[in-house]
Amino acid sequence: MPARFSAFVIWALVATSLAFWGMRLAVSSPRAPTHAVPVAMELTAQGDLSRVIGSAPATMTAAAAPAPEIAARFKLTGIMAAKPPATEGFALITVDGKLPRAFAVGAPLDDELVLQSVSLRSAVIGPAGGPAVATLELPLLPPVATGTLPQPARLNSSGRAPPPRPAVAPASIAPRPAARSVAPGARPLTRQ
């Protein structure tokens, strides 16, 4: 008896091991669809496309174009700030139209500007140790959508919705006269 039981246990372990490794080797990872495109880290063009669209080369237009305003270069997209007396916090800021990044208070945004402070709905930027140059505000949230929901259908005693009511005929259509029934073997009455 112990020999049969030990043989059963050994063969059960062998079968379990074969099932495990068979399922492990037979299953393949899902593949990306054929139309998938790898994401590039930078979404900008790699060359000067001004000649393609028919404008002057970039070297000429860059000198003539004025430098963008400091506030126009930055866009505030999110804030994580403590209560107003605290000096710590983070701001999600988009710099020059790139993807937003998280900046801590005191972190440099570019060569000369740093994030000076954050509040519940705004962030102040300026040079390190200098006066504020710009205050970025979060856009206002859209108003809350309001409305009423339709009334639920009333159920009858059987738990089903009642059948729809028939439409009422317009008053301009005259109803047809009711047909008279005649008993079998009797002659219908006629007017003379």
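From the N terminus on, the protein's elements run α-α-α-β-β-β-β-β-β, with helices (H or I, at least four residues) and strands (E, at least two) taken as DSSP runs and numbered from the N terminus. This is a predicted model in which local features need pLDDT of at least 70 and side-chain atom pairs count only at pLDDT 80 or more, while totals for chains, interfaces and linings use all residues. Residues are numbered from 1 along each chain as its sequence is written, and side-chain values use heavy atoms, with hydrogens and water left out.

Colleague: What makes Ser122 count as buried?

Modeller: Buried means under 20% relative accessible area, exposed over 50%, and partly exposed in between (1.4 Å probe, protein chains only). Ser122 has 14% relative accessibility, so Ser122 counts as buried. Its place is in strand 5 (residues 122-127).

Colleague: Which residues is Ser122 in contact with, leaving aside its neighbours within four places in sequence?

Modeller: Contact means heavy atoms within 4.5 Å. Beyond those neighbours, Ser122 is in contact with Leu76, Ile79, Thr135, Leu136 and Glu137.

Colleague: And what does the side chain of Ser122 make a polar contact with?

Modeller: With the side chain of Ser119, at 2.7 Å. A polar contact is a pair of N or O atoms within 3.5 Å; within protein, one must be able to donate a hydrogen and the other to accept it, and residues adjacent in sequence count only if both atoms are side-chain atoms.

Colleague: Which other residue forms a salt bridge with Arg73?

Modeller: Asp110, with the closest N and O atoms 2.9 Å apart. That pair links distant parts of the chain, Asp110 in the loop between strand 3 and strand 4 (113-118) and Arg73 in helix 3, 37 residues apart. Salt bridges that share partners join Arg73, Asp96 and Asp110 into one network. At 18% relative accessibility, Asp110 counts as buried.

Colleague: Now helix 1. How do you know that its span agrees with its 25 residues?

Modeller: The expected span of a helix is 1.5 Å times one less than its number of residues. For helix 1 that should be 36 Å, and its end C-alpha atoms are 36 Å apart, so the two agree.

Colleague: Why is helix 1 called hardly covered?

Modeller: The count of buried residues among its 25 residues is zero. Phe5 lies in helix 1 (residues 2-26), and Phe5 counts as exposed because its relative accessibility is 57%.

How values were computed: Salt bridge = Lys/Arg side-chain N within 4 Å of Asp/Glu carboxyl O.
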